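Welcome, and please take a look at the molecule below.

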Amino acid sequence: MNDFSITRAKEFFHFYYSNIKDPEIFGIRKLENRELAFSFFDKLGMTRHTSFNNIEKMISFIKENIPQHFYYSSAYYENPSEDMDAKRWKGADLIFDIDGDHIEGAELMKYSEMLLEVKKELNKLLLLLRDDFDVKWNDMEVVFSGSRGYHVHVYDIFNDIESQERREIVDYITGRCTSGEFPLNPKNKWSIRIEGKMNQFKEMIDSDKKWKDKLEKEIGVDLRGIRSKKDPKLKEILYHEAGKITKKEYASMIDEPVTIDIHRLIRTPNSLHGKSGLKVVNINPEKIDSFDPLLDAVPHEFKDAMVEVRVTKNTKLELMGNFVEFKEGNYSMPVYNALFTVLKGNGEFVEMQ
């Protein structure tokens, strides 16, 4: 961004933050024990090791300094404003991050298509957390990141576990535990799911004379070397394929380092994402399917005014139910489209003469 665009973007962010009325809007639990971190429009790097002992002081800081990005630590510290060696870690929320970067072929998808694929991964994660770990809705928070994905915060249940134990949770959520490297307990939910798939295969074998053709179509494996239903190699092949199919259906493509890291910084709900201008949104976990980030994450403060932008790279926008394409040139567009374009590096605000 050029200097004028930086100033203009900061003005719009200032307008958003200056209109905050509810001091609890950011919903940071145990604020006094968290490290806060900020990036600013007109400063390089990140300002870290910041803390506030009450929400009013934090909001005053935000309104005075206008962050481009606003984070808080998943960890709880005794001394959150000290350097890492002196912070004294007391525990950390269990955090999951699902991002479009982990979706195969995402670079070829429209923004809306990519976000739908990410939501599928989110739903798989939530199913595993609820069914396999017995995490209740009121023990978690689901958040749209403001750009390409979702964050899930699990509170209280896993606070005291460290990185190695979190790595084991990652192995479970990603289905790596089905690879054969880890012996599965027969009562494990993954074992039950795989056994269910094996039962489907058995029904296919028992109910049709052309069972081999059906199985080959189902699992995509050539079974010409299998001579009978009782061939021990058949069971071995089917168990392997049942694991692969089950993993594809249930495992979630999370960003693994985020969950393992016990000092992670995560975007603050209801802050603005500094590379999109969209809001980081808390979502009712029971209403995820109806949540549309391209509608619901657009700040209402940016919906009415129009602003002039010089588009410097051909760009596509899908916000507020409209799909529009802009070639290089000057355009008048709503503030939310303008911020998205400029912050993504595809345009500059036009200084009116």
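The questions below go from the whole chain to single residues.

Visitor: What kind of model is this, and how are residues numbered?

Guide: Residues count from 1 along each chain as its sequence is written. Local features need pLDDT of at least 70 and side-chain atom pairs pLDDT 80 or more, while totals for chains, interfaces and linings use all residues, side-chain values use heavy atoms without hydrogens or water, and the model is a predicted one.

Visitor: How many helices and strands does the chain have?

Guide: Helices (H or I, at least four residues) and strands (E, at least two) are DSSP runs, numbered from the N terminus. Along its principal axes, the C-alpha trace spans about 80 × 50 × 30 Å. The secondary structure comes to 11 helices and 15 strands.

Visitor: What share of the chain's residues is buried?

Guide: Buried means under 20% relative accessible area, with a 1.4 Å probe and protein chains only; exposed means over 50%, and partly exposed lies in between. The chain has 353 residues, and the share that counts as buried is 50%.

Visitor: How do helices H4 and H8 lie to each other, and which residues of H8 make the contact?

Guide: The axes of H4 (residues 111-132) and H8 (residues 232-250) come within 8 Å and cross at roughly 105°; axes are lines fitted to C-alpha atoms, for helices over the stretch in contact, and angles run from 0 to 180 degrees between N-to-C directions. Therefore H4 is roughly perpendicular to H8, a label for 65 to 115 degrees (under 35 is roughly parallel, over 145 roughly antiparallel, the rest oblique). Contact means heavy atoms within 4.5 Å. H4 brings Lys124, Leu127 and Leu128, and H8 brings Lys248, Glu249 and Tyr250.

Visitor: In what order do the strands of the open sheet with E11 come?

Guide: Two strands pair if DSSP finds at least two bridges between them. The edge strands, E14 (329-334) and E15 (347-349), each pair on one side only. Three strands make up this open sheet, with antiparallel pairing, in the order E14-E11-E15.

Visitor: Which residue of E15 stands opposite Arg310?

Guide: E11 (residues 306-311) pairs with E15 over three bridges in the antiparallel sense. Opposite Arg310 stands Glu348.

Visitor: Which strands of the sheet does helix H11 touch?

Guide: Helix H11 (residues 335-343) packs on the sheet, and its direction makes about 130° with that of E14. The strands touched by H11 are E11, E14 and E15.

Visitor: Is Thr341 buried or exposed?

Guide: Thr341 lies in H11. Among the residues that Thr341 touches, not counting those up to four places away in sequence, are Val309, Val311 and Met333. Because its relative accessibility is 1%, Thr341 counts as buried.

Visitor: How many residues of strand E8 are buried?

Guide: Gly149, His151 and His153 point one way from E8, while Tyr150, Val152 and Val154 point the other way, and all are buried. For E8 (residues 149-154), that is six of its six residues.

Visitor: How many bridges join E8 to E6, and how many to E7?

Guide: Both pairings run antiparallel. Leu94 stands opposite Val154 in E8, and Glu141 stands opposite His153 in E8. E6 (residues 94-99) is joined to E8 by six bridges, and E7 (residues 140-144) by five.

Visitor: Which residue in the turn between E7 and E8 has a positive phi?

Guide: E7 and E8 form a hairpin with four residues between them. The residue in that turn with a positive phi, of about 95°, is Gly146.

Visitor: Which residue has its backbone oxygen 2.4 Å from a polar atom of the Lys87 side chain?

Guide: Lys87 lies in helix H3 (residues 84-87), and with a relative accessible area of 0% Lys87 is buried. Leaving aside neighbours within four places in sequence, Lys87 is in contact with residues including Glu35, His49 and Tyr77. The backbone oxygen at 2.4 Å belongs to Pro80.

Visitor: Where is Ala297 found, and what is its relative accessibility?

Guide: Ala297 is found in the loop between helix H10 (293-296) and E11. The C-alpha atoms of Ala297 and Asn270, 27 residues apart along the chain, are separated by 9.2 Å. Ala297 counts as buried, and its relative accessibility is 0%.

Note on methods:
A polar contact is a pair of N or O atoms within 3.5 Å; within protein, one must be able to donate a hydrogen and the other to accept it, and residues adjacent in sequence count only if both atoms are side-chain atoms.
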